[in-house]
Amino acid sequence: MTVHLITGGARSGKSAYAEQLAAQAEAAGQQIIYIATSAGNDAEMQRRVALHRQQRPAHWVTVESPLQLAAALQQWNQAQYWILVDCLTVWLSNLLFSGDQHFPETGLITPPAIVAEQRAALLQQLTDSRADVTLVSNEVGLGIIPMGAVTRWYVDEAGRLNQAVAKVAQQVTLVVAGLPLSLKPGVIQ
């Protein structure tokens, strides 16, 4: 079992790289399980989801799991599966906005309890996984510091989530301009 985190900026080539790895795993005899986290809540996201569906092989098993990622991973937790999760930062956003609460423009925000619950469940499931799991995530903290409280919380929490997943992962790859750079193994821990 290998947990592999692939991270990078928007449109850096993360998903394409992850799908290349999935094709290699399939050629080696593993069945591909594609866990999509997008809820497709608006027309623009629906177009993105449709494009992703067109680009990947139709015979890959697709599981849509916008909130319950650990449960979806558990469902396919067997050695013959190679699981691709795309993407963690969309999943985090889904969790944050899953309730009907309103967040202040300034000051501290209180995220819904589901964020901490699902994050803990994900990390435990990755630790216990018998399947190979590759997770795609955005590095959202490399740009301008956001002005709003909820956006600052999201950027901070996405960074913390990436760090936590990287800690349990055996491999971490940064993709920049379509080029993968291996960060782990190979770094001094």
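**View 1. Helix 5 and helix 6 pass each other in this predicted model.** The two partners here are helix 5, residues 113-128, and helix 6, residues 149-168. Their axes come within 10 Å and cross at roughly 20°. Angles under 35 degrees count as roughly parallel, and that's why helix 5 and helix 6 are called roughly parallel to each other. The crossing of this pair is right-handed.

**View 2. Here's where helix 5 and helix 6 touch.** On the helix 5 side, look for V115, R119, L122, L123, L126 and T127. They meet W153, E157, R160, L161, A164, V165 and V168 in helix 6. Sort the residues of this contact by class and you get 9 nonpolar, 1 polar and 3 charged.

**View 3. This is the largest pocket, with a volume of about 780 Å³.** Its lining takes in 32 residues, and R11, S15, R48, H52 and D86 lie nearest the centre. Which helix gives the most to this lining? That's helix 2, with 8 residues.

**View 4. Now for the second largest pocket, at about 170 Å³.** This one is lined by 11 residues. To find its centre, go to N41, M45, V90, S93 and N94, which lie nearest to it. Helix 4 gives the most here, with 4 residues. The lining of the second largest pocket splits into 4 nonpolar, 6 polar and 1 charged.

Conventions: Residues are numbered from 1 along each chain as its sequence is written. This is a predicted model: local features need pLDDT of at least 70, side-chain atom pairs count only at pLDDT 80 or more; totals for chains, interfaces and linings use all residues. Side-chain values use heavy atoms; hydrogens and water are left out. On a 1 Å grid over the protein atoms alone, a cavity is a set of points where a 1.4 Å probe fits but cannot get out, and a pocket is an open set with protein on both sides within 12 Å along at least five of seven lines; lining residues have an atom within 4 Å of a point. Grid points are joined across faces, edges and corners, and a volume is the space filled by probe spheres set on the points. Helices (H or I, at least four residues) and strands (E, at least two) are DSSP runs, numbered from the N terminus. Ala, Val, Leu, Ile, Met, Phe, Trp, Tyr, Cys and Pro count as nonpolar, Asp, Glu, Lys and Arg as charged, and the others, Gly among them, as polar. Axes are lines fitted to C-alpha atoms, for helices over the stretch in contact, and angles run from 0 to 180 degrees between N-to-C directions. Angles under 35 degrees count as roughly parallel, over 145 as roughly antiparallel, 65 to 115 as roughly perpendicular and the rest as oblique. A crossing is left-handed if the near helix is turned anticlockwise from the far one by less than a right angle, and right-handed if clockwise. Contact means heavy atoms within 4.5 Å.
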